[in-house]
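Please read it alongside the sequence and the model.

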Amino acid sequence: MARPSDDPSAPALLTNLLPIAFMTTAVALPLSGPLDFLASPDYLVYVRRPRTVGHFVAYLVMLVLYCAMLCGVELAVALAIRPTETATLVPGAACAMLTSLTLILIIDADHLAEVTAYGYLAAITLYAMVAAVSPVLVWFAQPSHGLPLCALLATIFSGAVLLLFSRLEIR
């Protein structure tokens with residue numbers, strides 16, 4: 001997760017290159033696989049298995065499990081290296097999981113709205129703003145601020161994906 005630098009003279013974006021690379025990898029790894037499951041272009045799928053809220057919940061569970069596994073592996077490695085810092089590593093991993101979930105949901109919502117490029121731009125802009133603007137980063141890095149905000153954003157964007165999913169036309 002992006003963190004404020006110990007050195008006030010160092011730019012925040014430069015000190016957060018590894019978290020930015022992690023989030024880029026987290027967003028790029030699924031390669032729209034869960035979204036393909038959600039918005040399957042196969043015409044016969046709609047005849048045999050209609051798209052319902054259960055289908056959306058399965059998509060959401062798939063995304064949450066993906067993000068949890070991705071951040072869980074990183075947390076396990078970090079705890080193996082520094083077992084005494086559990087109090088800071090666990091909330092950071094939870095925030096990273098919710099952040100990656102939010103970024104993927106932003107991209108998927110814009111993909112369903114047929115403006116995929118804007119989804120990637122919105123996700124990059126949102127995360128870069130947090131990682132580059134020092135006052136925002138200091139506020140966001142506190143677990144009492146970052147975790148509720150990430151959970152709220154994930155809820156909002158999952159609602160947006162559900163709304164777009166329910167209006168998705170069969171082509």
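Helices (H or I, at least four residues) and strands (E, at least two) are DSSP runs, numbered from the N terminus. On that basis, the elements of the protein chain run α-α-α-α-α-α-α-α-α from the N terminus on. The model is predicted: local features need pLDDT of at least 70, side-chain atom pairs count only at pLDDT 80 or more, and totals for chains, interfaces and linings use all residues. Residues are numbered from 1 along each chain as its sequence is written, and side-chain values use heavy atoms, with hydrogens and water left out.

**Whole chain**

- The protein chain has nine helices and zero strands.
- Of its 171 residues, 35% count as buried (under 20% relative accessible area, 1.4 Å probe, protein chains only).
- The protein chain exposes about 9,700 Å², and 73% of this comes from carbon and sulfur atoms (Shrake-Rupley method, 1.4 Å probe).
- Among contacts (heavy atoms within 4.5 Å) with a separation of 6 or more, 73% join residues 24 or more positions apart.

**Helices α6 and α7**

- Helix α6 (residues 86-112) packs against helix α7 (residues 116-132) at an angle of about 155 degrees, with the axes 7 Å apart (axes are lines fitted to C-alpha atoms over the stretch in contact, and angles run from 0 to 180 degrees between N-to-C directions).
- α6 and α7 are therefore roughly antiparallel (over 145 degrees).
- On α6, the contact is made by Thr99, Leu103, Ile106, Ile107, Asp110 and His111; on α7, by Thr116, Tyr118, Gly119, Tyr120, Ala122, Ala123, Leu126 and Tyr127.

Technical notes:
Angles under 35 degrees count as roughly parallel, over 145 as roughly antiparallel, 65 to 115 as roughly perpendicular and the rest as oblique. Buried means under 20% relative accessible area, exposed over 50%, partly exposed in between (1.4 Å probe, protein chains only).
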